[in-house]
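Visitor: I'd like to talk through this structure with you, starting with the overall fold and then moving to a few residues. Could you walk me through it?

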Amino acid sequence: MALRLAFMGTPDFAAASLAEIVAAGHEVVCVYTQPLRRRGRGQAEQKTPVHVLAEQFGIPVETPDSFRDPDVIADFLALDLDAACVVAYGQILPEEVLEAPRLGCLNLHASLLPRWRGAAPIQRAIMAGDEITGVQIMQMEAGLDTGPILMSEVVPIEPTDTAATLHDRLMATGALLWPRTLAALERGTLEAQPQDEDGVTYAKKITREEARIDWSEPARAVADRIRGLTPSPGAWFELATEKGPVRVKVHFAVPEAGEGDPGEALDDELLIACGEGAVRLARLQREGRGVMSAEEFLRGTAVPAGTVLG
């Protein structure tokens with residue numbers, strides 16, 4: 001028997017889940033996503049990835065500015081739902097909404113809770129040097145990612161993972177978790193597991209200020225920060241040139257042996273000293289240009305031994 005559902009989500013990460021839920025045969029009667037935003041050089045209004053996919057499926061789409069609007073809440077209650085599925089929606093849902101569906105609201109989160117509750121769990125897991133993460137579907141409650149866990153899947157973090165590659169693996173794994181969870185929900189066989197409050201960490205939103213590379217950190221921490229901030233907002237440093245300082249983003253770096261003052265180039269091939277050890281910069285992007293290999297970068301921009309990066 002198909003469940004009567006609403007879906008709430010915004011980015012590509014959420015669209016993959018919507019596709020799997022629809023493919024499983026459930027009745028998605030309404031999709032909620034963020035309002036149209038003006039983006040790009042022409043400032044044209046753009047629909048979210050979830051909005052675009054919902055229209056392809058012929059599902060009605062709502063884009064409320066706030067879910068606290070009494071009219072929005074009343075319309076939601078009138079849907080008479082079995083459950084609501086939430087993935088990276090971007091709005092806080094009031095308690096009245098959380099309790100409205102017969103089986104509650106379920107949320108897909110990209111970490112192994114209670115580690116990395118909050119906005120940026122994928123980036124923070126890599127930046128912290130974690131070796132595993134995962135996806136979990138929880139029963140939503142009023143607290144931030146505090147609800148009991150209904151279904152989990154562990155995902156290893158590979159040494160070569162960036163936020164982009166890990167995002168895509170978690171997106172696919174999380175999407176496939178929905179049909180299993182909803183089938184068990186229908187059968188009444190889900191066993192909710194309360195979170196362990198002793199292991200709580202918070203994945204606060206990434207700020208542009210913290211994207212500047214701190215060469216005084218150990219090499220492993222510098223490399224992990226670079227991976228966690230790739231592709232956006234991108235870890236960066238300043239390189240002095242004849243025309244003034246230039247901002248350069250680093251998209252990948254590898255820890256190596258080396259000793260010198262933090263930020264000092266130890267050779268002519270982008271081996272940069274850190275507070276402990278060194279990193280070899282492998283992929284870079286000079287301001288206003290595309291991503292390139294270290295070899296390509298050095299053909300146009302020399303960084304001789306002894307250069308100090310800012």
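**Overall fold and two residues**

Guide: The chain has 8 helices and 16 strands, where helices (H or I, at least four residues) and strands (E, at least two) are DSSP runs numbered from the N terminus. This is a predicted model, in which local features need pLDDT of at least 70 and side-chain atom pairs count only at pLDDT 80 or more, while totals for chains, interfaces and linings use all residues. Residues are numbered from 1 along each chain as its sequence is written, and side-chain values use heavy atoms, with hydrogens and water left out.

Visitor: What does the C-alpha trace of the chain span along its principal axes?

Guide: The trace spans about 70 × 45 × 30 Å, and buried residues make up 47% of the 310 residues in the chain; buried means under 20% relative accessible area, exposed over 50%, and partly exposed in between, with a 1.4 Å probe and protein chains only.

Visitor: Which domains does the domain assignment give?

Guide: It gives domain 1 (4-202) and domain 2 (209-308), with bounds that come from an automatic or database domain assignment. The contact between them takes 13 residues from domain 1 and 11 residues from domain 2, contact meaning heavy atoms within 4.5 Å. The C-alpha centres of domain 1 and domain 2 lie 35 Å apart.

Visitor: And what does UniProt list for residues 205-300?

Guide: An unreviewed UniProt entry lists that span as "domain: Formyl transferase C-terminal"; UniProt positions are given in the numbering used here, feature names are shortened, and annotations may be inferred rather than shown by experiment. In the model, residues 205-300 are 18% helix and 31% strand, and the end C-alpha atoms of the span lie 35 Å apart.

Visitor: What does Arg227 touch?

Guide: Not counting residues up to four places away in sequence, Arg227 touches several residues, including Ile126, Glu158, Asp161, Arg220 and Phe252.

Visitor: Where does Ile92 lie?

Guide: Ile92 lies in the loop between strand E6 (83-87) and helix H4 (95-98), and Ile92 is exposed because its relative accessible area is 60%. Leaving aside neighbours within four places in sequence, Ile92 is in contact with Phe67 and Arg68.
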